[in-house]
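Please look over the structure below.

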Amino acid sequence: MSGAVRQCFVTLVRLGAMKYARLTVHVKKHSLSIKLLSVGTLSSFTAFSYGSSSPDVESASTWMSAPITDLKHLQENTGDMRCKMESLIMRIQADVCHALEKEELEEGGKKFQVDRWLREQGGGGVTCVLQDGTVFEKAGVNVSVVTGLLPPDAAIQMRARGKKMQGEKLKFFAAGVSSVIHPRNPHVPTVHFNYRYFEVEDENGEKQWWFGGGTDLTPYYLDESDAVSFHKALKKACDPHGKHLYPKYKKWCDDYFNITHRGERRGVGGIFFDDVDEPTPEKCFEFVKSCGDSVVPSYVPIVQKNKKKSYTYDERQWQLLRRGRYVEFNLIYDRGTKFGLYTPGARYESILMSLPLTAKWEYMHSPEPGSREAKLVEVLKHPKDWI
């Protein structure tokens, strides 16, 4: 405990030396959280934690909105996987939004619009969108927690992946956080992440569960150092749960984000996985939590490095062309988009938040041989190992 006390003291002294108008400190069972107000900007973070990790629901005061499930129910059922997953994705959403807002507001930009919505068939979500900003042209971070009967087309997809589900009326529960960040500057890559938990109960009462997710990077101009640092952060998240996971899920990512009709990958990859249901629910959850926590450290330093770089009209036009490829993949191939669109009571605004504010298509466009644009396309056609 003495080490934690010393760390607490050092933290408070450092903050006390800064010119903050208001400082609020919350001491919880395993952590010290600090809120501070300066020049109209609210920041909230955990200074440190100690001992066993706290349930994600303890961060509820920093969430972007009230959760879909009653907060008291989440607090009283921290061992229930549905409750744990909802608390996790609410916390990840908040962490990402706060980190992106910081980068945006430093340039005099905008804050996220928060839209909490409910679904008549069961559940709902929290959609956070920052649109037409200074750093981010469109950034969406969406949480959904939905229940109901599995759409027939979704059941067909799942059975094709080996799920054995009896009957036609299949009850399901799905909770996930999904995000696509489209920056304004062509030198800042787009990032996508999605982490989810699924349960299906068939007509015999048998229940199946699994996790899925991933994080991937889509640059418009290739900076190999950015690709390397991004993949290193993902490998660091994977390795404590098995040294074999990063290479396995890195290849899966390259294979999944393949724009088949173009013969190109969507970006320089990352990790992707689905139908993860072993060794135990708890270990799978901890793996997904580790991956979700890697989003900010893997991406925000790249934003900070590149957001103020100058760019030309031609570089902007190339960015818009590459965004067109992004749209093609999402609308033609992406399983998550299809599942959302198939689901009764689907909220199309939230599903389609992944699409950029602007994009472009040109007939038979091909980059100049030897150009930076051609260098990127070569990597997209022939994925490589970055670490």
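## Lining of the largest cavity

In this predicted model, the lining of the largest cavity has 20 nonpolar residues, 18 polar ones and eight charged ones.

## Cavity count and volume

Rolling a probe the size of a water molecule over the atoms shows where empty space is left. The structure has four cavities of 30 Å³ or more. The largest cavity holds about 950 Å³ of space.

## Helices α5 and α6

Two packed helices are described by the angle between their axes and the distance between the axes. Here the pair is α5 (residues 224-238) and α6 (residues 245-256). Their axes come within 9 Å and cross at roughly 130 degrees. Angles of 65 to 115 degrees count as roughly perpendicular and those over 145 as roughly antiparallel. α5 and α6 are therefore oblique to each other. The crossing of α5 past α6 is right-handed.

Which residues make the contact? From α5 come H231, L234, K235 and C238. From α6 come L245, Y246 and K250. By class, four residues in the contact of α5 with α6 are nonpolar, one is polar and two are charged.

Terms used
Residues numbered from 1 in each chain as written. Predicted model: local features only at pLDDT ≥ 70, side-chain atom pairs only at ≥ 80, totals over all residues. Heavy atoms only, no water. Axes fitted to C-alpha atoms, helices over the stretch in contact; angles between N-to-C directions. Helix = DSSP H or I, 4+ residues; strand = E, 2+ residues; numbered from the N terminus. Parallel < 35°, antiparallel > 145°, perpendicular 65-115°, else oblique. Left-handed = near helix turned anticlockwise from the far one by under 90°. Contact = heavy atoms within 4.5 Å. Nonpolar A, V, L, I, M, F, W, Y, C, P; charged D, E, K, R; others polar. 1 Å grid on protein atoms, 1.4 Å probe; cavity = no way out; pocket = protein on both sides within 12 Å on 5 of 7 lines; lining within 4 Å. Points joined across faces, edges and corners; volume = space filled by probe spheres on them.
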